[in-house]
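Please look over the sequence and the model shown below before reading on.

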Amino acid sequence: MKAVCFRDVEQIETIEIEDPRIEAPGDCIVRVHMAGLCGSDLHPFYGRETGLDPGTVMGHEFVGEVVEAGPDVKWQVGTMVGAPFTTSCGDCFYCQQGFFARCEQGQLFGWRERGSGLHGGQAEWVRVPHANGTLVPLKGIAPEIGLLLGDNLSTGYYCAEMAETGPRGVFAIIGCGTVGLLCAMACQSRGVENLFAFDPQTHRLEVARQMGAHVYDNQAEFVDAIRKATDGRGADGVMELVGLPAAQALAFQVLRPGGILSVVGCHCTPQFSFSPVDAFDKNLTYRTGRCSARLYFDQLGQLVENFETELVGMISHKFSLADSVRAYDVFANRKDGCLKAAFDLTL
Ligand SMILES: [Zn+2]
Ligand SMILES: [Zn+2]
């Protein structure tokens, strides 16, 4: 099959590799219809995260059709399915509580290290282990939305939820990439009336504005606006979706004492940008971690209905699998106003 594979830092290529096969009774093979490019694909791409085996199929966001199912799998061949970015067994201590992100047997799609792990979704077919506990039937949902539910939309919603956003209070978003914009959408759906968003990239801010946020590309103005809106206290909840020390420092700065800092940006540095004393003095609540995306396929039905057009429009650029080098370039460098890119295998 054709697949987009990791070769080395800043080198991916579309090559022919062996087709995936059923390896266990609970496995499925999904024929991919659409596969997303995600900000976190760029961590290994740029070498910020190391250890990914050359030859690994990239990507952890895909939707498609079940074309082969192991004997233990309940999904019928022909079912259109979405997948969260990690697998989940459905049976362990964590899965039983809906905390799928920490399934004892969970694996991330598109991550192979020293010969073990899972290939990703940027390919014609993908093998899905624990298919019963991992896959979700799409039931008529557009493929674009299925992709977003598998990671970015669910993660954005999770971030808004951890910050305890709602109609009362003042909230701030730092980072308006795809997840940040979807977090703003989540805030709107949760009735947030006072939302401030910061990103140095102006073209994304226009979308955040459409989601009801007061938007800033100037950091000093952003800080000042939150101060003015809160009698100098700071925001009740701050959502940080960047994963860099400067963003964390800014988030801490604009948060009021007793507020909640909700972080879904993937931090790669070993230390916090504020000290334990700072945290104590602010009575800080810090919430972070991988989102249990599978949970949200069922929970976000109303949001998906209300924002269908905006969600489909979020995938601003589509490419064929063969065009992977250009796809990564356009997405990584935010060329041509790119919000989010996907491989459309029906092209
Ligand atoms: Zn992703
Ligand atoms: Zn589990």
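## Basis of the report

This is a predicted model, in which local features need pLDDT of at least 70 and side-chain atom pairs count only at pLDDT 80 or more, while totals for chains, interfaces and linings use all residues. Residues are numbered from 1 along each chain as its sequence is written, chains are lettered from A and ligands numbered from 1 in the order in which they are written, and side-chain values use heavy atoms, with hydrogens and water left out.

## The zinc ion (ligand 1)

The zinc ion (ligand 1) is coordinated at 1.9 to 2.2 Å by Cys38 (SG), His60 (NE2), Glu61 (OE) and Asp151 (OD). Donors here are N, O and S atoms within 2.8 Å of the metal (3.2 Å for Na, K and Ca), and since water is not among the atoms, sites may look incomplete. The angles subtended by the four donor atoms around this zinc ion run from 98 to 126°, which makes the arrangement tetrahedral; four donors count as tetrahedral if all angles lie between 85 and 135 degrees. For comparison, the ideal angle for four tetrahedral donors at a metal is 109.5 degrees.

Along the chain, the donors of the zinc ion (ligand 1) follow the spacing C-x21-H-E-x89-D. Glu61 lies in the loop between helix 1 (42-45) and strand 4 (62-69), and Asp151 in the loop between helix 4 (143-150) and helix 5 (152-162), so the pair ties together parts that are 90 residues apart in sequence. Helices (H or I, at least four residues) and strands (E, at least two) are DSSP runs, numbered from the N terminus. Both Glu61 and Asp151 are buried, where buried means under 20% relative accessible area, exposed over 50%, and partly exposed in between, with a 1.4 Å probe and protein chains only.

## The zinc ion (ligand 2)

Which residues hold the zinc ion (ligand 2)? Its protein donors are Cys89 (SG), Cys92 (SG), Cys95 (SG) and Cys103 (SG), which lie 2.3 to 2.4 Å from the ion. The site is tetrahedral, with angles of 102 to 117° among the four donor atoms, and the donor residues are spaced C-x2-C-x2-C-x7-C in sequence.

Cys92 is placed in the loop between strand 5 (80-82) and helix 2 (93-96), and Cys103 in the loop between helix 2 and strand 6 (111-113), so the pair ties together parts that are eleven residues apart in sequence. Cys92 is buried, with a relative accessible area of 9%, and Cys103 is buried as well, with a relative accessible area of 8%.

Helix 6 (residues 178-189) has twelve residues and reaches 17 Å from its first C-alpha to its last, close to the 16 Å expected at 1.5 Å a residue; the expected span is 1.5 Å times one less than the number of residues. Ten of the twelve residues of helix 6 are buried, so this helix is largely enclosed by the rest of the structure. Among the buried residues are Thr178, Val179, Leu182 and Cys187. Helix 6 is followed by Gly191, whose phi is positive, near 80°.

Helix 4 is also largely enclosed by the rest of the structure, because seven of its eight residues are buried. The buried residues of helix 4 include Glu144, Ile145, Leu147 and Gly150.

## Packing of helix 6 on helix 7

Helix 6 and helix 7 (residues 202-210) pack at an angle of about 15°, with their axes 9 Å apart. That makes helix 6 roughly parallel to helix 7, a term used for angles under 35 degrees.

## Single residues

Lys139 lies in the loop between strand 9 (136-137) and helix 4, and its phi is near 45°, a positive value in a residue other than glycine. Lys139 is exposed, with a relative accessible area of 75%. Asp231, found in the loop between helix 8 (219-229) and strand 13 (235-240), has a positive phi near 50° and is exposed, with a relative accessible area of 71%.

Ile226 lies in helix 8 and is buried, with a relative accessible area of 1%. Ile226 and Leu195 are 31 residues apart in sequence and 9.2 Å apart in space, C-alpha to C-alpha.

Key
Four donors count as tetrahedral if all angles lie between 85 and 135 degrees; four count as square planar and six as octahedral if opposite donors are over 155 degrees apart and all others between 65 and 115; anything else is irregular. Axes are lines fitted to C-alpha atoms, for helices over the stretch in contact, and angles run from 0 to 180 degrees between N-to-C directions. Angles under 35 degrees count as roughly parallel, over 145 as roughly antiparallel, 65 to 115 as roughly perpendicular and the rest as oblique.
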